[in-house]
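The sequence and structure come before the description.

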Amino acid sequence: MNSIIQYQLYLRIENDGVFILSNKQIYDYQFEYNRIICDSQILYQIKDIIYYYMSVLENVRYIKIQKIGEGAYGIIYKAQDVQTQEIVALKKFKLSDYEGVPSCALREISILKQLNHPNIIKLISQIIINKKLHLVMNYYDKDLTEYLKFYHEEFHLKNIIYKILLAVEFIHSRKIIHRDLQPNNILVKNNEPVIIDFGLSRVFSPNLTPGVTQLWYRAPELLQNCHSYDYAIDMWSLGCIILEIALNKPLFMGQSEIHQLLLIKNLIDGDEWFKQNSQFAKFNNLFIDLINKLLQIDPTKRITSKQAIQHPFFQDQFAFIYNNE
Amino acid sequence: MSQLEPFEHHYSKQYLEVFGCSHTNRHIYSEKMICTDCGIFLNNPNTKVYKTLKMKYNAFFNPIKVLQGMMVDGLPNGPIKQRQEFIEFILQVSERLNLSINTCFLAINYIDQYFNKVAVNENQTYLFVSTALMLAAKAQELDERVPFISKLKRYASMTNHPEISQFSTQDFKSAERSLIQQMEWKLQRNTLLDRIEALLSFGVIDDDDSLGQQQQKENKDSTHQQHIKLRDLQENQILQYVKEVESKYVEVALQIIRDEQLYFQTDQTILALSCVAYLRKKAGLLNIWSQQLQSLTGVGAQKISSSVSQIMTLIAKSKSFKTITKLQATPSDLYYQQISTPTNNTLTTVSSNHLINRQFQFEQKRQSFGDAIIQKAKIPLLQSKSTAHLGDLSKQHLSHNNVTFTTSNNYTFLNENTTTLALNNYISSHNIHPNHNGGELDKKYEQVHKVGGSLFRQFQ
């Protein structure tokens, strides 16, 4: 065994990342800066090799197990930390490296480093693998969409809504707008939500790009191409998400920006829109009031995250989403 | 003096017209009354506070907490060798790349820290300085404004440092990586400029402030100085003082960050507060500190007085240096003489507008340090607009538009032919900015020094 491994070590230098075992090339690894990445199928087979490396080079750290998601800016992998056996999420930035570190990565890292909150994803570290920047974060196996596929007690749902609002208030109070709140960016573990993906977030400034947030959760002022929006766009997304939790399906499923606007205008018409709609009839009055305040077309009338956590719906511990009759 | 009127009468219709917000929606954050529409701090129900919409911030979240987070004590790292050249270089390149002045301050902050910790090979220094500027842009500019390495290289080598074009993209990338690692990814920072802006957004002038008579009327036998309270003046006279403060802070901050002794040996919070105090003094107010500022920041006048006098010496120094090298009757001086004639117009701020990057909520395009350069091409537009302002004083509440030459309604001003002789002179004075970038920055600063100087003479 020992002689084989020495042979491999030697070959690593020669062929940069191609391991040869018994004169037969069997596995391709990405190998860079002393870190090994490989597919899950072969993970077991090469375990010994990797652990040997660990003893030789201390910073062989993460092994990718599988791809778990893909966003606009990056691909997310489930990976294992070979030192602690801990399962982590690795976010690889897709953007080419021609222009140095992509600005979305730069912002995500420097913003995440400021945010230390139980309901916000924790950035463990950032590393460079195969010349690509990777973020190492805690791993959660379910996002909100998957979570809602199963039945959950109402107090869990209410707790999730409240914790999401707390986290968003925490973000906003640090002058940061998330700009991409959607169920896929809210992970759930043990009925506690965690907000992820700060790739689009940025520190508030009076002039911003309108093309942010996934279409279904995009606020009307963004759909109208407004360049000077504020924290209220996150509150609109939250309104959509909270109603999605209650209805168990997305609220507005537009196919284009125009279609999305049309759906919004069709549903929200006048101050009493929720009373005319039968699907809201079973909801608690306080919950409806919260939704109504979040889903205001006019961003200046929408409540802020701070007002939302003080809303009577959360003060009254017997108020749940549905009327219990 | 004891006017116990309710707020609503206080902030009259006239106030609304001149200052753009009547502070009707208020909220108490951390025991302080804040206008949620514009973020002004209303300390005492008996005094009016002034600021223009230029300094508008929506106060959805406790702005006092934001301020406290920003006003963390501390000294920057430094000083470093060749710092003046680096700053000059950053300003030049950022102007060409259309980046805001806030980004320049951030980049200066990065290089101060980096060069203080790492010894950089001498022929590579400007590689690192230009990369720091790119990093600062990546950290806070809109994505479409972030320069590509190729563009950065092209524009950076158009300065006195053509050697930058020799570096490869890979060199830039490794410089960037080294910078990021050295700063541990902490790229979002509060610079001196951010601190001053945060303070100004709470409103730093109120009607309890006083000013000396002779500064107002140029009275020849003003041996015994008469104090006037701002509350005795008309709203658009007060606007003049408010604008004076809100338009000069970038220049003052630039002067301070260039001065190693002052910048590196004074606590950043104290420095920002002293800047505000200095700006008040420069605008003509007699009391550099007020109850309003005292209760906003919890800092008393005695804590800042020494650094205020340091700022005064600093700006006086740069002024005397400039007057030796320049003739007395420069066009900018002429311009200032004209506007100090008894008419109560308030355009003292125009010539420095191109330095101002503070943008407004309703603005469609971000105004930046570099934008103004592009706007040089549109100079007739700018002029006719200023004309409209001089000709029609009732429009003064609109004059914050002065700094936004970009919106489409600019063209409406083109039709107003109210040009005066004085204005023609002003136009010719404004044309001293050449269309290319070469010596422009220098000219600009000379102008700044002139202004600083002429005001300073009054204090001596």
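## The sheet of chain A

In this predicted model, strand 5 of chain A runs antiparallel to strand 6 (residues 74-81) of chain A, and seven bridges join the two. Within this pairing, A:Gln66 has A:Lys78 of strand 6 as its bridge partner.

The pair belongs to an open sheet of five strands in chain A, in which the order is 5-6-7-9-8 and the pairing is antiparallel. Because strand 5 (62-70) and strand 8 (123-129) of chain A stand at the edges and each has a single partner strand, one side of each is left without a neighbour in the sheet. On average, and with direction ignored, neighbouring strands of this sheet are turned by 30° against each other.

## Helices of chain A

Helix 3 (residues 103-112) of chain A lies across strand 7 (87-93), strand 8 and strand 9 (132-138) of chain A, and its course makes an angle of about 30° with strand 9.

Elsewhere in chain A, the axes of helix 5 (residues 154-172) and helix 7 (residues 232-247) come within 11 Å and cross at roughly 170°, which means that helix 5 is roughly antiparallel to helix 7. Helix 5 contributes residues including A:Leu157, A:Ile161 and A:His172 to the contact, while those from helix 7 include A:Asp234, A:Leu238 and A:Ile245. By class, this contact has 10 nonpolar residues, one polar and one charged.

## The hairpin of chain B

In chain B, four bridges join strand 1 (residues 26-29) to strand 2 (residues 32-35), and the two strands run antiparallel. B:Arg26 has B:Cys35 of strand 2 as its bridge partner. Two residues lie between the strands of this hairpin, in which B:Ser30 takes a positive phi near 45°.

Definitions and conventions: Residues are numbered from 1 along each chain as its sequence is written. Chains are lettered from A and ligands numbered from 1 in the order in which they are written. This is a predicted model: local features need pLDDT of at least 70, side-chain atom pairs count only at pLDDT 80 or more; totals for chains, interfaces and linings use all residues. Side-chain values use heavy atoms; hydrogens and water are left out. Two strands pair if DSSP finds at least two bridges between them. Axes are lines fitted to C-alpha atoms, for helices over the stretch in contact, and angles run from 0 to 180 degrees between N-to-C directions. Contact means heavy atoms within 4.5 Å. Angles under 35 degrees count as roughly parallel, over 145 as roughly antiparallel, 65 to 115 as roughly perpendicular and the rest as oblique. Ala, Val, Leu, Ile, Met, Phe, Trp, Tyr, Cys and Pro count as nonpolar, Asp, Glu, Lys and Arg as charged, and the others, Gly among them, as polar.
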